[in-house]
Amino acid sequence: MMMISLYYCRTKEEWKNRTIYQLLTDRYASTKSNSTSCNLGNYCGGNFKGIEKNLDYIKNLGFDAIWISPIVQNYDGAYHGYAAKNIYQINEHFGTAQDLKDLVNACHQKDIWVMIDIVANHMGNQDLDFSRNYPFNQSSHFHDLCEISDSDFATHNLVNIERCRLFMLADLNQDNTYVANELINWIKWVVSEFNIDGIRIDTAMMVKGEFWKKFTEATGIYSIGEVFDGDMGFLKQFIGPMDGLLNYPLFFTLRDVFLHWGDMYRIESFYYNQLQTYGKNNIPYMAQFNDNHDNARFLSDEVNGVQASALKILQFKAFTAFTLTSIGVPIMYYGSEQLFTGGGDPKNREIMWNSFNENSDTYKFIKKINQARKAVNAGAQDQVQRYADNDFYAFTRGQLFAAFTSKYDRDVIRKITYHPYAEGTKLCNVLFTGDCVLVQNGSFQVYLRNGEVKIFLPDNIVVEME
């Protein structure tokens, strides 16, 4: 009897309703190590089986997708996965091919989708000995030796960015027919062999868009590209070849506004510029994030000699809440819910497996926001600005109303007259039981005390508050 697969390709439209938990495979959970510390510059022992055994922690937090590290065999010590040696072999430190299949199957049984990190820009050798690479083991498979400079990045010199080496990693030449075809055949194999739901594309700016368009179309699934740059005008050219991009312009804007008590009007300006630059139809597929493996964590900066002070935690909560509720596909970096404070790479890549505390305040905070988002299907709704001034910003996603301030030393009170709610509607803050307001005479009042966030839903919408 022929077996019928239960796997379906996940389109970008379907991904709008998902929230992604980014984890590093080597750092999230282990079945091999109980160590409370390790050399963060090398393998620490995390693996596919460890992730599988701790999926309920992610599910209970309200996330229904995970983004894991590149899965292929790497050069020695490359725990992060960005130094490929053999793209058709699974990284033996993470487990076997069957372990990966088991993980994906376990995820799908829990309605968690799996996004994998993809590297098609380079291989892992930093010299001219290509013989150890598979299948790209000839010098003709690579660009001639040169290194991308800081000036190239600053001036957006794509001629050099596309042909030269990042960190001296051997740069693949996708103009070579064999290289291009092999990469496309490989990604088709990965997606079908392991039932992958989405891909995150590393170093997207370093490969020509024509190649990425063929590459992503071959997968049939949602793709997010990494273009580590805050210039929307520069990023625009990569939308189309990929469904969406990591939204670095929003990341830099929000991080600065919430961290430095900034002008909330900057958020209004950001969304206006984003609309003009990308177009309305592309914005829902961009991916916003609160931290990631390439940036020092928000909580890493010391304030008066103290990391993760009460003020910084308040700021981080606001940043995270905005990430989870605003338009686009939300990504949260592992450990945020446990207030990890790691600095620059590799300090921001801490081990997680001693930190699965589902009763922490921030874990519960994030869980409630995810529950509220799902309760009203907010991911499928447009984002409508409802109020903006120097100290206050609010928007709706369907029936969800989110209010923020960057002022942490004062109370901010605003009367909301532009909203979608019927007269007499009772709106309740999902983050604090009993905090409700009534729509009267066409308006309601929002009161934010010392930088707090409020997420309102009509009280007839049931949200589990465990």
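Strand β5 gives the most to the lining of the largest cavity, with three residues. The structure described here is a predicted model. The structure holds two cavities of 30 Å³ or more, and its largest pocket has about 670 Å³ of space. An open sheet of eight strands, with parallel pairing, is also present. Two arginines, Arg18 and Arg255, are treated one by one at the end, and each counts as buried.

**The largest cavity**

- The space in the largest cavity comes to about 70 Å³.
- Its lining is made by Pro70, Ile71, Val72, Ala84, Ile87, Ile116, Asp117, Ile118, Val119, His122 and Trp186.
- Two or more of the lining residues come from each of β4 (84-90) and β5 (113-118).
- By class, the lining of the largest cavity has nine nonpolar residues, one polar residue and one charged residue.

**The largest pocket**

- About 670 Å³ of space lies in the largest pocket, and 26 residues line this pocket.
- Closest to the centre of the largest pocket are Tyr82, Leu166, Phe167, Leu169 and Asp294.
- The lining of the largest pocket divides into 13 nonpolar, six polar and seven charged residues.

**The second largest pocket**

- The second largest pocket holds about 340 Å³ of space.
- It is lined by 13 residues, of which Tyr271, Leu275, Ile283, Gln383 and Val384 are the closest to the centre.
- Helix α12 (265-278) and strand β11 (383-388) each supply at least two residues of this lining.
- The largest share, five residues, comes from α12.
- Sorted by class, the lining of the second largest pocket has seven nonpolar, three polar and three charged residues.

**The eight-stranded sheet**

- The strands of the open sheet follow the order β8-β7-β6-β5-β2-β1-β10-β9.
- At the edges are β8 (244-245) and β9, each of which pairs on one side only.
- Strand β5, which contributes to the lining of the largest cavity, has its place in this sheet between β6 and β2.
- Strand β10 pairs with β1 in the parallel sense over three bridges.
- Across the pairing of these two strands, Gln22 stands opposite Tyr333 in β10.
- Strand β9 (residues 287-289) also runs parallel to β10, and three bridges join them.
- In this second pairing, Ala287 stands opposite Val329, and Gln288 has Pro330 as its bridge partner.

**Arg18**

- Arg18 is found in the loop between α1 (12-15) and β1 (20-22).
- Its relative accessibility is 10%, and because buried means under 20%, Arg18 counts as buried.
- The side chain of Arg18 reaches two backbone oxygens: that of Asp64, with a polar side-chain atom of Arg18 at 3.0 Å, and that of Asp111, at 2.9 Å.
- Leaving aside residues up to four places away in sequence, Arg18 touches Asp64, Ala65, Asp111, Ile112, Trp113, Val329, Pro330 and Arg373.

**Arg255**

- Arg255 has its place in helix α11 (residues 248-259).
- With 15% relative accessibility, Arg255 counts as buried, because the cut-off for buried is under 20%.
- A polar atom of the Arg255 side chain lies 2.8 Å from the backbone oxygen of Ala296.
- Not counting residues up to four places away in sequence, Arg255 touches His260, Asp291, Ala296, Arg297, Phe298 and Phe319.

Technical notes:
Residues numbered from 1 in each chain as written. Predicted model: local features only at pLDDT ≥ 70, side-chain atom pairs only at ≥ 80, totals over all residues. Heavy atoms only, no water. Helix = DSSP H or I, 4+ residues; strand = E, 2+ residues; numbered from the N terminus. Buried < 20%, exposed > 50% of the residue type's maximum accessible area, 1.4 Å probe, protein only. Polar contact = N/O pair within 3.5 Å; in protein donor to acceptor, adjacent residues only side chain to side chain. Contact = heavy atoms within 4.5 Å. Pairing = 2+ DSSP bridges. 1 Å grid on protein atoms, 1.4 Å probe; cavity = no way out; pocket = protein on both sides within 12 Å on 5 of 7 lines; lining within 4 Å. Points joined across faces, edges and corners; volume = space filled by probe spheres on them. Nonpolar A, V, L, I, M, F, W, Y, C, P; charged D, E, K, R; others polar.
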